[in-house]
Amino acid sequence: MVFARRADPVDEVMGFVSVHGRAVLMVLVDGLADELQLWHVTVPSPLFPKVPHLPAGTTISELCSRRRTEKLMPFRVAFWSHSAAIHEIPCFVRSDWPGQVTPLPTDIG
């Protein structure tokens, strides 16, 4: 599991991913919006199409925004020979979905 903040550089976060040597669950937190997102990041593999590496300075938020509407999409950072893929794991309750709110303990029975 790797924790990241929205403004963290992709290269830095993927450096932590690389340390694990296997697919990871990335937890993207945003304290200001009180939001939590879960993302599955694969290991770099020659099985994925080789794509150009992301520009220097790309944030993890920018990467996730690009991939939010896609299924498993490849991406690559400069220090990887092969592409990896990332996709969002839907949460049970999302704060950005109108009408879905987590009940307060006082609201339950």
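Which strand does L36 lie in? L36 lies in strand β3.

**Figure 1. Overview of the predicted model.** This is a predicted model, in which local features need pLDDT of at least 70, side-chain atom pairs count only at pLDDT 80 or more, and totals for chains, interfaces and linings use all residues. Residues are numbered from 1 along each chain as its sequence is written, and side-chain values use heavy atoms, with hydrogens and water left out. The protein has two helices and five strands. Helices (H or I, at least four residues) and strands (E, at least two) are DSSP runs, numbered from the N terminus. The order from the N terminus is β-α-β-β-α-β-β. Of the 109 residues, 35% are buried. Buried means under 20% relative accessible area, exposed means over 50%, and partly exposed lies in between (1.4 Å probe, protein chains only).

Figure 2. Strand β3 spans residues 35-41. E35, Q37, W39 and V41 point to one face and are buried. Q37 counts as buried because its relative accessible area is 2%. L36 has a relative accessible area of 42%, so L36 is partly exposed. The side chains of Q37 and W39 are joined by a polar contact of 3.0 Å. Such a contact is a pair of N or O atoms within 3.5 Å; within protein, one must be able to donate a hydrogen and the other to accept it, and residues adjacent in sequence count only if both atoms are side-chain atoms.

**Figure 3. The partners of β3.** Two strands pair if DSSP finds at least two bridges between them. Strand β2 (residues 24-30) pairs with β3 in the antiparallel sense, over seven bridges. Here L28 stands opposite Q37. Strand β5 (residues 84-89) also pairs with β3 in the antiparallel sense, over four bridges. There W39 stands opposite E88.

**Figure 4. A84 and P74.** A84 lies in strand β5. A84 is buried because its relative accessibility is 0%. P74 is ten residues from A84 in sequence, and the two are 5.3 Å apart in space, C-alpha to C-alpha.

**Figure 5. Helix α1 from both sides.** Helix α1 covers residues 10-20, and its buried residues are V10, V13, M14 and V17. Seen down the helix axis, these fall within an arc of 95°, so they line one face of α1. The arc is that of the directions from the helix axis to the C-beta atoms. An α-helix has 3.6 residues a turn, so residues three or four places apart point the same way. F16 and V19, on the other side of α1, are exposed. G21 follows the helix, with a positive phi near 70°.

**Figure 6. The salt bridge of R5 and D8.** The structure holds one salt bridge. The term means a side-chain nitrogen of Lys or Arg within 4 Å of a carboxyl oxygen of Asp or Glu. R5 and D8 form the bridge, with their closest N and O atoms 4.0 Å apart. R5 is exposed, at 57% relative accessible area, whereas D8 is buried, at 14%.
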